[in-house]
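Here are my notes on the structure you asked me to look over. Please keep the viewer open while reading and find each element as it comes up.

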Amino acid sequence: MHSPSPLPLVDLPVRRLTRGDLAACADLSEERGWPRDEHRWGLLLSAGTGYGIAEPDGKGLVAACVVTSYGPRLATVGMLLVAGRHTRQGVARRLMRHVMEETGSTPLALYATPQGERLYEELGFAHVGRSERVLGRFRAEDRPPAVTTRAAAADDLQAMVRLDLPVFGVDRTHIIARLPAFSDRLQVAEENGELTGYAALWPSGDVHAVGPLIARDTATAKALVTALAATTDRPLRADVDARHEELLGWLVERGLEPGSRTAVMTYGIADLPGDAARRFAPLTIATG
């Protein structure tokens, strides 16, 4: 008897991922030249819903992505990766169509690499902005920052959620509550007892990533970055909303080098909700 012919990749079933798929997701990241980032995958798989297509032989994943829901007003799609040997075979489109069916009428947002932009455009996503990555060794200024900051305490979480809500326009409690365990350092800025900003520093490969970075103004954002940088001897990486030209210019002056750019794209909504003026960097760039 002949064994049945294998299904084309685009006909393979999409399944939910669990934390048991963490190593397979990290393998996929590494295979595509990204940091393994098991730490980040762990956060995303616990705070969101992972979708993947398993290799026909059961060893590893053909593709994966994570959807983080913020209620009926927004969900974000991130970490969309297809194994190198399976690219250009319609797998990413298949996975995205599945995600769009699963999320129904909920608006979607994502950060697209140049390689992924055309696919998302064809699926109906529109450009609403861009993000710029900077990476390198941070050199602190000679004078202390104009804004004082301190390490976050457990009882700051409620105030962080209150500050975050108008900035992101959706309730991110389920993400913020995980930041103390996820971050190597969590820093806050306050004035007269009121929180004016917060930022997290977390490990990604051999660098430390900054994000989220929420601040009342650029001076507060600079002070938070300076404080976080002082706690690590690793290079820093940040993905900054390109509208914040002053912060980006300052980071380059302080020794970080401009890197890749990603397009911010939305589906079913004209722009990201919230206050872009105070949203300097997201938690984690959701590229695909």
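1. The model is a predicted one. Please keep that in mind for every point that follows.

2. Start with strand S10 (207-215). Is S10 mostly covered or mostly open? It is covered: 9 of its 9 residues are buried.

3. With S9, S10 pairs in the antiparallel sense over 7 bridges; here Gly-197 is opposite Ala-215 of S10. The hairpin made by S9 and S10 has 2 residues between the strands, and in it Gly-205 has a positive phi near 60°.

4. S10 also pairs with S11, in the parallel sense and over 3 bridges. His-208 faces Leu-236 of S11 in this pairing. Between S10 and S11 the chain passes through H8, giving a β-α-β crossover that is right-handed.

5. With S13, S10 is antiparallel again, over 2 bridges. Ile-214 has Arg-279 in S13 as its bridge partner.

6. Next, helix H9 (residues 245-253), in which Leu-247, Leu-248, Trp-250 and Leu-251 are buried. Why can these be said to line one face of H9? Viewed down the helix axis, the buried residues lie within an arc of 165°, so they share one face. Glu-245, Glu-246 and Glu-253, on the other side of H9, are exposed.

7. The cover over the buried residues of H9 includes strands S6 (126-136), S10, S11 (236-241), S12 (256-267) and S13 (279-281), together with helix H8 (218-229). After H9 comes Gly-255, with a positive phi near 110°.

8. In soluble globular proteins, nonpolar side chains tend to be buried together. The largest nonpolar core in this model has 29 residues, of which Met-160, Leu-179, Tyr-198 and Leu-283 touch the most other members. Among the elements that give two or more residues to this core are helix H2 (38-47), strand S9 (194-204) and S10. Which element gives the largest share? It is H5, with 6 residues.

How values were computed: Residues numbered from 1 in each chain as written. Predicted model: local features only at pLDDT ≥ 70, side-chain atom pairs only at ≥ 80, totals over all residues. Heavy atoms only, no water. Buried < 20%, exposed > 50% of the residue type's maximum accessible area, 1.4 Å probe, protein only. Helix = DSSP H or I, 4+ residues; strand = E, 2+ residues; numbered from the N terminus. Arc of directions from axis to C-beta. Contact = heavy atoms within 4.5 Å. Core = buried A, V, L, I, M, F, W, Y, C linked by side-chain atoms within 4.5 Å. Pairing = 2+ DSSP bridges. Right-handed = clockwise from strand over helix to strand, strands pointing away.
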